[in-house]
Each structure stands twice: as structure tokens, then as C-alpha cells.
Amino acid sequence: MKKINELKMTFDSRSVNESFSRMAVAAFATQLDMTVEEMGDIKTVVSEAVTNCIVHAYRNTIGKIYITCTVFEEGVVRVKIRDKGCGIPDIEKAMEPLYTSLGGDRSGLGFSVMESFSDKLIVRSKVGVGTTVTIDKKIKGKLI
């Protein structure tokens, strides 16, 4: 795929930054003529991934969240959300619907939601090093 534009941003793992990150990525991706539904999908995936960083990766502390959003000529938006938090000991288990490591009122649907709203989802993690979530979303519209 041929890259045509890229956004990189870093911010603190504070709840207030979840909505900012969702809107920033969606605004950047609008250079593709996307539908409201496609924009909603991207916002949802970013929201879920960033929330995971805030709630799980940096539990009871503040760390950095790194997002790279790339737009490709073929109409694909790729979003990488990365943290340097605690990492995920068992990715397969973490991706099971309804599984949560925290219990309580957490639904355990974050990865399921991300998967259903993207065309491709890759999760890589190493305990004590951090996690990277990469999603690809094919946009049916053309470049503006």
C-alpha cells in the first residue's frame, strides 16, 4: 500500500484525552470521503483502544499513549495505538468476549468491539513493556 499522509501524537493516559484522541483521528481520516458510519467505526475503535490503555495498561498511574494514523492511497486508514504499560500476559484470553482482568462493572468487550468495527485487528503485547493495537479500516470513498 502507498502511504499518502500520516499523523503522530502522544498524550497522557487521562480520561479526558480519550475523546480528544477519537476526534483527532476521525478529523485526520476525513481526507478520505468516508460515510458517517465509517467515521463512527474509526471513532469507536480509537475510543476502545485508548480506554484500554487508560484503564488497564496504566492502572493507577499516568503514562503516555502513542497514536499513529496513516492514510493509504488505496483508501485504507491504519491506526496504531501503543502504550508502555503493564502489557497483556495472555492476548488470546484478553480477546475473549466478556473477559476482563478488572472485574466489577467492566464489560470485557473492548477487543470484540474493535474487531467488529475494523477490517483487520492485530494486538501485540509484552508483559512489562506495553501493548500495540493496530487496526485497518477500508474506506469506500475516495481521497478528497
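## Basis of the description

The model is predicted, and local features need pLDDT of at least 70, side-chain atom pairs count only at pLDDT 80 or more, and totals for chains, interfaces and linings use all residues. Residues are numbered from 1 along each chain as its sequence is written, and side-chain values use heavy atoms, with hydrogens and water left out.

Helices (H or I, at least four residues) and strands (E, at least two) are DSSP runs that are numbered from the N terminus. Axes are lines fitted to C-alpha atoms, for helices over the stretch in contact, and angles run from 0 to 180 degrees between N-to-C directions.

## The sheet

Five strands form an open sheet in the order β1-β2-β3-β5-β4, with antiparallel pairing; two strands are taken to pair if DSSP finds at least two bridges between them. The edges are formed by β1 (3–12) and β4 (120–126), each of which pairs on one side only. On average, and with direction ignored, neighbouring strands of this sheet are turned by 10° against each other.

Strand β3 (residues 76–83) pairs with strand β5 (residues 130–138) in the antiparallel sense over 7 bridges, and in this pairing Ile81 stands opposite Val133 in β5, while Arg78 stands opposite Asp136 in β5. Strands β2 and β3 also pair in the antiparallel sense, over 7 bridges, with Asp83 in β3 as the bridge partner of Ile65. The hairpin of β2 and β3 has 3 residues between the strands, and there Gly75 takes a positive phi near 85°.

## The helices and their packing

Helix α1 (residues 16–29) packs against helix α2 (residues 36–57) at an angle of about 145°, with the axes 9 Å apart. The crossing of α1 and α2 is right-handed, a term used when the near helix is turned clockwise from the far one by less than a right angle. Where the helices meet, contact means heavy atoms within 4.5 Å, and the residues involved include Met23, Val25 and Ala26 in α1 and Ile42, Val46 and Val50 in α2.

Helix α1 touches β1, β2 (64–72) and β3, and its direction makes about 170° with that of β1. Helix α2 touches β1, β2, β3 and β5, and its direction makes about 10° with that of β3.

## Selected residues

Ser13 is placed in the loop between β1 and α1, and with 3% relative accessibility it counts as buried, where buried means under 20% relative accessible area, exposed over 50%, and partly exposed in between (1.4 Å probe, protein chains only). Apart from its neighbours within four places in sequence, Ser13 is in contact with Ile54, Tyr58, Thr61, Ile62, Gly63 and Ile65.

Rings of Phe, Tyr and Trp (its six-membered ring) pair if their centres lie within 6.5 Å, and planes under 30 degrees apart count as stacked, over 60 as edge-to-face and the rest as tilted. By this rule there is 1 aromatic pair: the rings of Phe11 and Phe20 have centres 6.3 Å apart and planes at 85°, so they are edge-to-face. Phe11 is buried, at a relative accessible area of 7%, whereas Phe20 is partly exposed, at 44% relative accessibility.

Ile4 lies in strand β1 and is partly exposed at 33% relative accessibility. Ile4 and Val71 are 67 residues apart in sequence, yet 5.9 Å apart in space from C-alpha to C-alpha.
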